[in-house]
Amino acid sequence: MIVPRISVLRSAPALAGACRCLHSGKPRLSPTPVFRRAVDFADRPAVRDCHGDYTYAGLWRSSRALAEEVSRRLDGQQQKRVAFLCPNDATYVIALWACWISGQIAVPLSPLHPESSLRYFVEDSEAGLLLAPASTAPRLAPLAPSGGQGRTLLVLEDSVRRAAVADKITSLDASEKASGQRSGDQGSAMIIYTSGTTNLPKGVLLSHGNLAAQVHALQHAWRVGPSDNVLHTLPLHHMHGIMNALLCPLAAGGRVTMLPKFSASQVWREMLSDAEDRVNVFMAVPTSYAKLLEEYGASVGSTPQQRDQVRDTTRRKMRLMASGSAPLPVPVFQQWEDATGHRLLERFGMSEVGMVLSNPLEPQSGRKPGFVGTPLPAARVRIVRPAMDGQREEVLCEGDDQGTVLRVKDGKPTVGHLLVKGPNVCAGYWRKPDATAKEFTADGWFKTGDTCEFVDGSYKILGRTSVDIIKTGGYKVSAVQVETCLLGHPDIADCAVVGLADGTWGQKIAAVVRLQDGATLSLEKLRDWAREKLPPYSLPKVLRVMKEVPRNPMGKVNKKTLVAEVFPDSS
């Protein structure tokens, strides 16, 4: 039997005492890494999870203690990769901050990942240390080789987290505030793996400067501050859950209420609570809002009195509700507004660039369904028409938070590939120079891989250029627009639209749908219904009904896999 190298970290007075011997020094200025802002809010509540409440001071001290052990295990080296697998609770914050305090590069993993994905992420990142509490450590144990060489698994006893929740000292002394390996602040902070919806996941290498720029943009645009309490139900291995719903409020002195996982009934209880310290910000994926609407119809808003209460409470007490990570269907946008009085704020972002485009915070009437708004502070965007038929590539428009300028006014729609530039953009992909070179232009613009339209002063994502733009009969059809239309059908609960190879049309449009309970639908009836809403060339030629449309935890559909599995003769 092979026994992996496992060390156990327990909270102990000796370890806590050792943390107080760290060197002090002047805090580094501009930009301050987001995790170091915790020392400015020491006495404030930072996190509430299923175990209890934590102040910034308590989390900071536990993180420092863990950082000391991380540094010891890595022989004092910095910028080593530390992969950690934590549940959605304060343990995650402690592990993340410990990585950064010790000057390492954090590689967050998810309990939702299968074993093959965990192995790929750990091996691809060349992680030198694995971190996990006892609840998830068995999943990482096979990845810690035996024999005294290579990576080790550091198991975090629950006492590490309990020490933070029990810490009632709400102040930090000078040595505690100045702790940590500050030289690491200048380097890389995190590797986030892409969803891999079109190719094998790539490790996006983000610096502390990237994270600081992204936090600043969201705090400015969405006015995130100390009075905010963000309800967190998102996976913590993607930008949405890490940056928007966790790092951003914690860098502003706000609070994060973390649920172990998304639960529609629990989310409604939190949003409708009468508690003084109730949540006032919620961020989720479109699938979550759809499930919340199902719960609303079944119980929370099943009577006129309940509907009035929901609408009154959410309008008065919820400051912001945002949606992202996948296109927000217009029917969901409209139904959510009817139920809560809130027009969901939709934005656009990705692992490589953070958040780039956003509908306005105010007025809510400026949030247009199907659009993702305008550039956030410090971000620059371009829409380019690719070179074709002997024509050179053209920059159709370019914009920032001060406005967008049209470069080409030829009467054609301003539609093309979306490019991004700014301090928010990553330097590239971990150990993949060819992929990095492919995704950046010679003058440093990042190619998002999305087709985008600028119309009526706002940006609209038409879909991934590779899989969401279907070329059929000489026309280019946006799969996202067809999906948005079909979701308006009363019998369709969920859908994905793909292009299938076809000898006559080049590609033919296929709709994979999940129907409402008890409903039936034929292709002929669907086409008849859609004729008044879509041009003829955009109508589906194939319909496949399934029990579920397969989506990843962020609500995205891997369309290449979907085609291979559902239409094997066309892949």
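Is Arg72 buried or exposed, and what is its relative accessible area? Arg72 is exposed, with a relative accessible area of 51%, where exposed stands for over 50%, buried for under 20% and partly exposed for values in between, calculated with a 1.4 Å probe on protein chains only. The model is a predicted one, in which local features need pLDDT of at least 70 and side-chain atom pairs count only at pLDDT 80 or more, while totals for chains, interfaces and linings use all residues. Residues are numbered from 1 along each chain as its sequence is written, and side-chain values use heavy atoms, with hydrogens and water left out.

The partner of Arg72 in a salt bridge (a side-chain nitrogen of Lys or Arg within 4 Å of a carboxyl oxygen of Asp or Glu) is Glu69, with 2.9 Å between the closest N and O atoms. Glu69 is buried at 9% relative accessible area, and both residues belong to helix α2 (residues 56–73), 3 residues apart, or about one turn of the helix; helices (H or I, at least four residues) and strands (E, at least two) are DSSP runs numbered from the N terminus.

Lys559 and Asp468 also form a salt bridge, their closest N and O atoms lying 2.6 Å apart. Because Lys559 lies in helix α17 (residues 559–566) and Asp468 in the loop between β23 (458–464) and β24 (469–472), this pair ties together parts that are 91 residues apart in sequence. Lys559 is buried at 9%, and Asp468 is buried at 9%.

A further salt bridge joins Arg255 and Asp277 at 3.0 Å, N to O, and a network of salt bridges links Arg48, Asp53, Arg255 and Asp277.
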